[in-house]
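Keep the structure open as you read.

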Amino acid sequence: MTRDGNHTLPVVVSSSDTPLTSSSSNEDNNNNNNKNHKNLSIFSQLPSESLQRSLPPTGLNDKDIEKDPPYIDVLIAGGMGGTIADFLMHSVDTVKTRLQGQPSANPPKYHNMFHAYGTILREEGVARGLYSGVAPAMTGSLPGTTLYFGTYEYTKRTLTSAGVPDTLAHLAGGSLGDFVASFIYVPSEVLKTRMQLQGRYNNPSFISGYNYKNTWHALQMIVKYDGVGALYQGYRATLLRDVPFSALQFAFYEKFKLAAKKWEARPDGQMSLPVETACGAVAGGLAGFLTTPLDVMKTLLQTQVKKPSGAISTGASTTTTSQKYYVGIWDGLKWNLKHHGVVSGLFRGVGPRVFWTSLQSALMFVMYEQALHLQENMRHFGQWPYSSGSFGSS
């Protein structure tokens, strides 16, 4: 239709005009497409304010990357990560305990990690065999790892803000964190280790010197016959093992984590899951290997039967390892080195220990980091329990 002044006149369109109309329509479509592409290009570069609010934090800002998470997030993530990792790796820890605490025999009942795993599974099963002692282990793991991570993070932040070098802050944080948590986890460690060594009640497959019906019965018997102090048996050996282990584990992990972030150079400033897993595994494996002799002595001191009255515990008069009563850490290290050597004495069970510490450390740190990211996103979106705006404020 065309306009003539204020009047509109009808116009008959011939078939010859059709190509012109199609060309005009295509041109309009192209113009619209160009506008749409232009709008999309601008939209992708400059998202609206409402869209920005709906997106999770990316951490592109260096200030945001370096910002420490609230302490409540650290406590929750640490407790979750440590407890779940301890539960998943408990069977490997049982194998390590059996290898380190089995009586001397020729040939030994358990030859290596895989043989021990298969033998325990076949003879005793999962619940009463590989996962014996899991109840006291979990009882101490949740509060212990929560305190552990909380103390580590507080110590690290306090020291670094005071100008202490990062490595020293990490070593000190790991050491102090383990020391504070030890008051909770050492009694559970004693119960766990004895029940792992025992296996099921009236166990015909392994002679350990213990025969507890369950965790409560074990606690009652230990307190009744050995006293409350027996729950902290091997306390110094446990500290001597765990304090350097925790210090080395955190120091290694923080160094690997920093190097991995620089190497990957991701836009969000975080590590990818495989790299994060590798950092935790290598850190735990190295720390576990270096502290294996101390772990051997911790196991032997916590599981040895109370010294009989008038027994003589000199190495010269003792013909079998099962009769040896260790009066301390140094005594045990010297005796095992002299009679069994470095590998069979001080580093017995090193395979399952490194395997356990590697996987446990990887699981713990991955779950810890992922839990921190989850809580950060929940706080950003205002989801419960962070919707009030005051929960978890640092």
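The axes of helix α5 (residues 90–101) and helix α15 (residues 350–381) cross at roughly 155°, so α5 and α15 are roughly antiparallel to each other. Keep in mind that this is a predicted model.

**The overall picture**

The protein has 15 helices and 2 strands. Of its 394 residues, 42% count as buried. As for contacts with a separation of 6 or more, 74% of them are between residues 24 or more positions apart.

**Helix α5 and its partners**

Back to α5 and α15: their axes come within 9 Å, and the crossing is left-handed. Which residues of α5 meet α15? On the α5 side they are His90, Val92, Asp93, Lys96 and Leu99, and they meet Pro352, Arg353, Phe355 and Trp356 in α15. Sorted by class, that contact has 5 nonpolar, 1 polar and 3 charged residues.

Helix α5 also packs against α9, where the axes come within 9 Å and cross at roughly 75°. That angle makes α5 roughly perpendicular to α9. Here His90, Asp93, Thr94, Thr97, Arg98 and Gly101 in α5 meet Lys192, Thr193, Gln196, Leu197 and Gln198 in α9.

**Helix α8 against helix α11**

How do α8 and α11 cross, left-handed or right-handed? The crossing is right-handed. The axes of α8 (residues 134–161) and α11 come within 13 Å and cross at roughly 60°, so α8 and α11 are oblique to each other. From α8, Tyr148, Phe149, Tyr152 and Lys156 meet Ser246, Gln249, Phe250 and Glu254 in α11. Those residues divide into 4 nonpolar, 2 polar and 2 charged.

| Helix pair | Axes come within | Crossing angle |
|---|---|---|
| α5 and α15 | 9 Å | roughly 155° |
| α5 and α9 | 9 Å | roughly 75° |
| α8 and α11 | 13 Å | roughly 60° |

**Helix lengths and what follows them**

With 32 residues at 1.5 Å a residue, α15 should span 46 Å, and its end C-alpha atoms are 46 Å apart, which agrees. Helix α11 has 30 residues and reaches 42 Å from its first C-alpha to its last, close to the expected 44 Å.

Just after α15, glycine 382 takes a value of about 70°. Just after α11, alanine 265 takes a positive phi of about 50°, and alanine 265 is a residue other than glycine. Alanine 265 lies in the loop between α11 (235–264) and α12 (273–290). It is exposed, because its relative accessible area is 58% and the cut-off for exposed is over 50%.

Asparagine 202 is another backbone to look at: its phi is positive, about 55°, although it is not a glycine. You'll find asparagine 202 in the loop between α9 (166–198) and α10 (215–226).

Is valine 296 buried or exposed? At 1% relative accessibility, valine 296 counts as buried. It sits in helix α13 (residues 292–303). Leaving aside neighbours within four places in sequence, valine 296 is in contact with Gln100, Gly345, Leu346 and Arg348. Its C-alpha is 8.3 Å from that of glycine 101, 195 residues apart along the chain.

Phenylalanine 114, in helix α6 (residues 113–124), has a relative accessibility of 68% and so counts as exposed. Along the chain, phenylalanine 114 and proline 352 are 238 residues apart, yet their C-alpha atoms are separated by 8.9 Å.

Conventions:
Residues are numbered from 1 along each chain as its sequence is written. This is a predicted model: local features need pLDDT of at least 70, side-chain atom pairs count only at pLDDT 80 or more; totals for chains, interfaces and linings use all residues. Side-chain values use heavy atoms; hydrogens and water are left out. Axes are lines fitted to C-alpha atoms, for helices over the stretch in contact, and angles run from 0 to 180 degrees between N-to-C directions. Helices (H or I, at least four residues) and strands (E, at least two) are DSSP runs, numbered from the N terminus. Angles under 35 degrees count as roughly parallel, over 145 as roughly antiparallel, 65 to 115 as roughly perpendicular and the rest as oblique. A crossing is left-handed if the near helix is turned anticlockwise from the far one by less than a right angle, and right-handed if clockwise. Contact means heavy atoms within 4.5 Å. Ala, Val, Leu, Ile, Met, Phe, Trp, Tyr, Cys and Pro count as nonpolar, Asp, Glu, Lys and Arg as charged, and the others, Gly among them, as polar. Buried means under 20% relative accessible area, exposed over 50%, partly exposed in between (1.4 Å probe, protein chains only). The expected span of a helix is 1.5 Å times one less than its number of residues.
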